[in-house]
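Subject: Structure handover

Hello,

Here is the structure I promised to pass on. Please open it and keep it beside you while you read my notes.

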Amino acid sequence: MVTARKQLSQRADYTHKYNVRSGRHGWLRLTPAYSVKIVEELINKYDGSIRIFDPFCGTATTALSAAYHGHEGVTTDINPFLIWLGQAKTAYYSPEIIAASRFASIRALEIVKKGGIQGVPRPPIHNIERWWSENALIFLCQLRAAIDEVTQVDSQQRTILLVAFCRTLIALSNAAFNHQSMSFKDSDRIPLLLDVDMCSSYAEDVEFVLLGAAENPTGTGTVILGDARNPSAATNGLFHRVITSPPYANRMSYIRELRPYMYWLGFLEKSRDAGELDWLSIGGTWGIATSRLNEWQHESDHFESDLLSAVRDNMTHNDNKNGRILANYVAKYFDDMWMHFKGLRSMLAPGGEIHYIVGNSTFYKVLLPVEQLYAAMLKTLGFQSIKCIALRKRNSKKELIEFDVTATWHG
Ligand SMILES: C[S@@+](CC[C@H](N)C(=O)[O-])C[C@H]1O[C@@H](n2cnc3c(N)ncnc32)[C@H](O)[C@@H]1O
C-alpha cells in the first residue's frame with residue numbers, strides 16, 4: 001500500500017526531476033514557474049496513459065510534463081529553435097551517452113584552454129558588444145568551434161553540450177532576462193568578465209544539464225515542427241486532451257527573446273529572418289511583421305463577431321496614431337486562432353477536453369477580452385461545456401487576468 005507520506009515524497013522527487021529540465025530554473029530560463037505549475041496541476045489529474053497535445057510548444061512544458069507522468073505528449077511549434085530545444089528536453093539519454101558527453105565537454109575545454117582552435121565567426125547580432133565583453137566573445141566563439149570538433153553532427157552528445165553552451169552564453173552576457181522582456185544591465189553593474197573563470201562556468205553548466213539528462217521520463221514526448229493553423233498536418237491519431245498556452249494577443253515577440261540562442265546555434269542568419277519568422281508566428285509584430293500589418297486583409301473564411309468588431313472600432317478611433325495597425329493586428333490574431341480551432345476538431349477523441357491558458361490584453365486603454373472571444377469561437381465551432389476560469393491577475397493592472405478557457409468536444 002502506498003502511504004500518504006510515500007506519495008508526498010514520490011511527488012517531491014518527481015517535481016525535483018522535472019524541474020531540472022524545465023521551469024524557471026531548468027535547463028534554459030525561459031518558462032515562468034507559474035505556467036509550469038498550471039500545466040502540472042492539469043496533467044496530474046489524469047490516471048492511466050492518455051494522449052496530450054500542445055499545439056504551441058514553446059519550451060515544451062506540456063510535452064515534458066506529460067512524459068514525466070507516463071502519458072504520450074505531442075507538441076508542435078513554428079520556431080525551429082524551440083523544436084530543437086523541445087526534442088533535447090524530451091529525449092531519453094542512456095548512461096553511456098551521459099558519460100560520453102561529459103568526456104566530450106572536458107575535451108572541448110582542453111582545446112579552448114590550449115588556444116588550439118580557431119573560433120567560429122561572431123554571430124551577426126546587432127550591437128553584439130552590448131551583449132558580451134570582448135573576452136567573453138572570444139571564449140564563446142572558440143568554445144562553439146570546439147564543441148563541433150569533439151562531437152558529431154546531430155549526436156546526443158552535441159545536443160547536451162549545446163544546451164549547456166546556451167546556459168553559459170546567457171550567464172556570460174550583460175543581458176538581464178525577466179519573464180516578459182529582456183534588458184541590459186546597468187553598465188556600472190556589469191561584472192568584470194575578466195575575473196570570471198569562463199571555463200568553470202561552462203563545466204558547471206554541463207554538469208547541470210547532465211543532471212537533468214539522467215532523469216529520464218517514463219512516458220514519451222514528441223516535438224514536431226508545424227503550424228498550429230493546420231494542426232492535423234503534423235500529427236497522427238486522436239488526442240484526449242489539449243493543454244496549451246497559446247501566443248497572447250499582446251504583441252510580445254518570442255523571437256526577440258530567443259535571438260541570442262538562435263544566432264549562436266545557427267537558427268538565424270540575418271535580422272530579416274527574425275522578422276519573417278515573427279510574421280509566420282501567431283501574434284508576432286516584430287520588424288517586417290509590423291509594416292506588413294498595414295496591408296493585411298482578412299482571410300475569406302474568418303470569425304465574425306459583434307464583440308470583436310466593437311473592440312476593433314474602438315481601437316481605430318482611439319487617439320493613438322497606430323490605431324489602424326493595432327486593429328489589424330487583433331483581427332489577424334483572431335483569424336489565425338479561428339483556423340487553429342477549426343483544424344483542431346478532427347484531432348480530438350470523443351469527450352476530448354481542451355485547456356487554453358491565455359491572458360486578456362489592453363491596447364491604449366481598450367480592453368480586448370481574449371477569453372470571451374475564444375469562448376465565442378469555440379461555441380460557433382460546436383464545442384461544449386465552455387468555461388472561462390479566471391486563474392490569476394497578471395500584474396497590478398486589475399483588468400489583466402489569465403484564464404483557463406476550457407471546453408469539450410463530442411463530435
Ligand atoms: C506562449 S508560447 C508557449 C509557451 C509554452 N507553454 C512554454 O511553456 O514555454 C507560444 C508559442 O507559440 C508558438 N507559435 C506561434 N505561432 C505559431 C504557429 N502558427 N504554429 C505553431 N506555433 C506557433 C511560438 O513560437 C511560441 O513558442
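How do the residues of the shell around the ligand divide into nonpolar, polar and charged? The shell has 7 nonpolar, 9 polar and 3 charged residues. Keep in mind that this is a predicted model.

The ligand first. There are 19 residues around the ligand. Those that come nearest are Phe56, Gly58, Thr61, Ala228 and Ser245.

One of these, Thr61, also belongs to helix 3. That helix covers residues 61-68. It is mostly covered, with 8 of its 8 residues buried. Besides Thr61, the buried residues of helix 3 are Thr62, Ala63, Leu64, Ser65, Ala66, Ala67 and Tyr68. Gly70 follows helix 3. The phi of Gly70 is positive, near 85 degrees.

Next, a helix pair. Two packed helices are described by the angle between their axes and the distance between the axes. Helix 5 spans residues 95-113, and helix 8 spans residues 156-171. They pack at an angle of about 60 degrees. Their axes are 9 Å apart. Helix 5 and helix 8 are therefore oblique to each other. Their crossing is right-handed.

Which residues make the contact? Helix 5 brings Ile97, Ala100, Ser101, Ala104, Ser105 and Ala108. Helix 8 brings Gln156, Gln157, Ile160 and Leu161. By class, this contact of helix 5 with helix 8 has 6 nonpolar and 4 polar residues, and no charged ones.

Best wishes

Terms used:
Residues are numbered from 1 along each chain as its sequence is written. This is a predicted model: local features need pLDDT of at least 70, side-chain atom pairs count only at pLDDT 80 or more; totals for chains, interfaces and linings use all residues. A residue is near a molecule or strand if its C-beta atom, placed from the backbone, lies within 6 Å of it. Ala, Val, Leu, Ile, Met, Phe, Trp, Tyr, Cys and Pro count as nonpolar, Asp, Glu, Lys and Arg as charged, and the others, Gly among them, as polar. Axes are lines fitted to C-alpha atoms, for helices over the stretch in contact, and angles run from 0 to 180 degrees between N-to-C directions. Helices (H or I, at least four residues) and strands (E, at least two) are DSSP runs, numbered from the N terminus. Angles under 35 degrees count as roughly parallel, over 145 as roughly antiparallel, 65 to 115 as roughly perpendicular and the rest as oblique. A crossing is left-handed if the near helix is turned anticlockwise from the far one by less than a right angle, and right-handed if clockwise. Two residues are in contact if their C-beta atoms, placed from the backbone, lie within 7 Å. A residue is buried if 20 or more other C-beta atoms lie within 10 Å of its own, exposed if 12 or fewer, and partly exposed in between; C-beta atoms are placed from the backbone.
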